[in-house]
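Work through the following exercises with the sequence and the model side by side. Each task is followed by a solution in steps.

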Amino acid sequence: MLNIKTFQVNMIGENCYVVSDDTREAVVIDCGASSAHEEKTIADYIQAEGLQIKHLLCTHAHFDHIFGVPFIAGKYNVNPVFHEADRPLYDSMPSQVRDFIGTTYDRILPPPAGYVTDGDRITFGTHTFEVIHTPGHSLGGVEYYCKEEQILFSGDSLFRYSIGRTDLPGGDYRTLIESLTNRILTLPDDVTVYPGHGPTTTIGEEKRENPYLL
């Protein structure tokens with residue numbers, strides 16, 4: 001059984017997830033921690049649960065989802081993985097921070113441990129995540145799906161009753177709708193969706209209620 005701990009972090013209210021199972025192996029998804037307090041809260045949880053961090057997964061490389069990458073990489077010796085199409089975004093972190101929130105970002109982002117692409121599988125403990133490429137919010141947006149537990153981490157592609165922005169560089173509305181319609185809404189209705197912002201939802205609920213997908 002997966003244990004999912006949600007940390008709402010940074011000024012954008014991004015959802016960082018620490019996901020583990022009974023083996024105590026774990027992954028961190030989208031660590032956007034931007035303060036020492038947020039980093040300590042996450043680290044205290046990992047220590048209290050006795051977790052071993054195996055992977056640092058990014059659904060995409062917008063600044064609010066990668067603020068805490070240096071913290072996780074430095075403390076747990078795991079560099080991030082994401083889709084290669086988002087490497088330009090990753091490398092533009094300082095300009096993203098400057099343009100969006102008007103401050104500087106002077107930390108050094110570590111090189112990626114590797115890139116994921118559609119259909120890849122990420123394993124930890126006794127569980128496996130399938131990578132689903134869903135461009136539209138960004139060129140390299142991906143979602144992580146655990147078929148065994150019927151759980152999906154959707155990043156900023158799909159929210160409860162909404163979808164991600166498509167007016168940012170690399171975004172495209174039609175592409176995002178096609179990604180969600182053809183790749184995500186085909187999953188079982190009882191799949192629980194953990195988005196990059198806001199509350200959880202289900203695939204069935206989004207089919208019935210999401211105005212962008214009706």
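**Exercise 1.** Determine whether D91 is buried, partly exposed or exposed, and find the salt bridge in which D91 takes part.

*Solution.* Begin with the classes, in which buried means under 20% relative accessible area, exposed means over 50%, and partly exposed lies in between (1.4 Å probe, protein chains only). D91 has a relative accessible area of 49% and is therefore partly exposed, and R87, at 26%, also counts as partly exposed. Next, apply the salt-bridge rule, which asks for a side-chain nitrogen of Lys or Arg within 4 Å of a carboxyl oxygen of Asp or Glu. The side chains of D91 and R87 meet this rule with an N to O distance of 3.0 Å. Helices (H or I, at least four residues) and strands (E, at least two) are DSSP runs, numbered from the N terminus.

The model is predicted, so local features need pLDDT of at least 70 and side-chain atom pairs count only at pLDDT 80 or more, while totals for chains, interfaces and linings use all residues. Residues are numbered from 1 along each chain as its sequence is written, and side-chain values use heavy atoms, with hydrogens and water left out.

**Exercise 2.** Which residue forms a salt bridge with R160, and where in the chain do the two partners lie?

*Solution.* The partner is E205, with the closest N and O atoms 3.3 Å apart. This pair links distant parts of the chain, since E205 belongs to helix α7 (residues 203–209) and R160 to the loop between β11 (158–159) and β12 (162–163), 45 residues apart. As for accessibility, E205 counts as buried at 17%, whereas R160 counts as partly exposed at 36%.

**Exercise 3.** Describe the salt bridge between R165 and D167, and then state how many salt bridges the rule gives.

*Solution.* The side chains of R165 and D167 meet at 2.9 Å, N to O. R165 is partly exposed, with a relative accessible area of 44%, while D167, at 57%, counts as exposed. By the rule, the count comes to 9 salt bridges.

**Exercise 4.** What is the strand order of the open sheet of 6 strands, and which strands are at its edges?

*Solution.* The order is β7-β8-β9-β10-β13-β14, with mixed pairing, where two strands pair if DSSP finds at least two bridges between them. The edge strands, each pairing on one side only, are β7 (121–124) and β14 (201–202).
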